Amino acid sequence: MNLPPRILTIAGSAAGGSAGIQADLKTFQELDAYGMSVITAMVAKHPVTGKNVHLQSIETIEAQFGTAMTQIGVDVIKVGMLFSAEIIEKVAELIRNSMVKTIVIDPVMIGKFNSKLLADDAIEVLKEKLLPLATIITPNMPEATELLGGKEIQTKEELKQAAIEIQKLGFKNVLVKGGRLTGNAVDILYDGEAFLTAEASRIDTVNTSGAGCTYSAAIAAYLAHGKTIAEAVLLAKEFVTTAIAHGFSYNEHVGPTYHAALRKYGSIQRILTNN
Ligand code: PXL
């Protein structure tokens with residue numbers, strides 16, 4: 001029997017099920033990868049105190065990582081929300097010592113409704129210690145702005161420029177996601193030499209919760225199946241665009257994407273690219 005590739009996600013648990021660990025594991029399952037998890041924090045808003053991020057201890061994080069590594073083994077690591085400088089340092093150390101070569105890092109900083117998913121003092125550690133380990137990083141526009149020390153992005157040209165400048169900070173492949181621009185949903189991949197654009201028609205919906213997590217999880221899964229980085233980005237764009245098109249309106253504010261949509265309904269649309 002052909003065993004599925006093994007992916008470990010190191011991220012926060014999103015109690016609502018749309019993002020974080022939950023989105024990652026659903027996506028891995030859809031794409032026939034064996035999913036494992038290291039939960040760094042629970043994201044769940046307490047009704048009285050309002051506390052939203054409940055960190056796990058360094059010991060708990062190390063234990064989960066060690067279990068996945070020794071019990072199953074890991075082909076690809078995907079990293080999402082880490083929150084604190086201390087957790088970032090530990091995760092960087094664990095990855096460095098692991099020998100795993102394919103690392104997809106979503107530099108999660110700010111969630112929907114501006115919920116804070118990365119501490120202010122953690123950005124420099126993230127840039128210096130963790131992101132250089134990545135095969136690919138996948139910042140959205142606010143995250144790209146943060147990585148560039150506050151540089152605003154308002155046009156497709158500026159998005160391309162941001163990809164160049166972020167890549168020059170010392171990262172291998174940078175996918176800057178232009179979901180917050182108007183017009184088509186355009187993302188730009190840059191590896192220091194060539195650009196790839198991944199473009200889809202905009203879908204008018206509020207059901208995009210966890211789309212970023214789902215996109216990077218799908219990239220990890222396609223890489224785990226042996227696709228090239230460019231192929232993985234285009235296939236993952238198709239996966240997430242289809243998941244957004246079939247998202248759920250459980251309430252009127254914001255809903256989850258539907259991770260099974262591609263399998264169930266087929267691709268919503270062709271993804272356009274410059275290649
Ligand atoms: O979508 C960003 C994100 C990532 N990880 C976790 C989250 C969220 C958004 O809420 O909860 C755990």
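In which kind of crossing, left-handed or right-handed, does helix 1 pass helix 7?

Analyst: Helix 1 passes helix 7 in a right-handed crossing. Keep in mind that this is a predicted model.

Start with the geometry. Two packed helices are described by the angle between their axes and the distance between the axes. Helix 1 covers residues 20-30. Its axis lies 9 Å from that of helix 7, at an angle of about 40°. Angles under 35 degrees would count as roughly parallel, and those from 65 to 115 as roughly perpendicular. Helix 1 and helix 7 are therefore oblique to each other.

Now the residues. Helix 1 brings G20, A23, D24, T27 and F28 to the contact. Helix 7 answers with C213, T214, A217, A218, A220 and A221. By class, seven of these residues are nonpolar, three are polar and one is charged.

Helix 7, residues 211-224, also packs with helix 8, residues 229-245. Here the angle is about 140° and the axes are 8 Å apart. Roughly antiparallel needs an angle over 145 degrees. Helix 7 and helix 8 are therefore oblique to each other. Their crossing is right-handed.

On the helix 7 side, the contact uses A211, T214, Y215, A218, I219, Y222 and L223. They meet I229, A232, V233, L235, A236, K237, F239, V240 and I244 in helix 8. This contact has 14 nonpolar residues, one polar and one charged.

Look back at T214 and A218. Both meet helix 1, and both meet helix 8.

Key
Residues are numbered from 1 along each chain as its sequence is written. This is a predicted model: local features need pLDDT of at least 70, side-chain atom pairs count only at pLDDT 80 or more; totals for chains, interfaces and linings use all residues. Side-chain values use heavy atoms; hydrogens and water are left out. Axes are lines fitted to C-alpha atoms, for helices over the stretch in contact, and angles run from 0 to 180 degrees between N-to-C directions. Helices (H or I, at least four residues) and strands (E, at least two) are DSSP runs, numbered from the N terminus. A crossing is left-handed if the near helix is turned anticlockwise from the far one by less than a right angle, and right-handed if clockwise. Contact means heavy atoms within 4.5 Å. Ala, Val, Leu, Ile, Met, Phe, Trp, Tyr, Cys and Pro count as nonpolar, Asp, Glu, Lys and Arg as charged, and the others, Gly among them, as polar.
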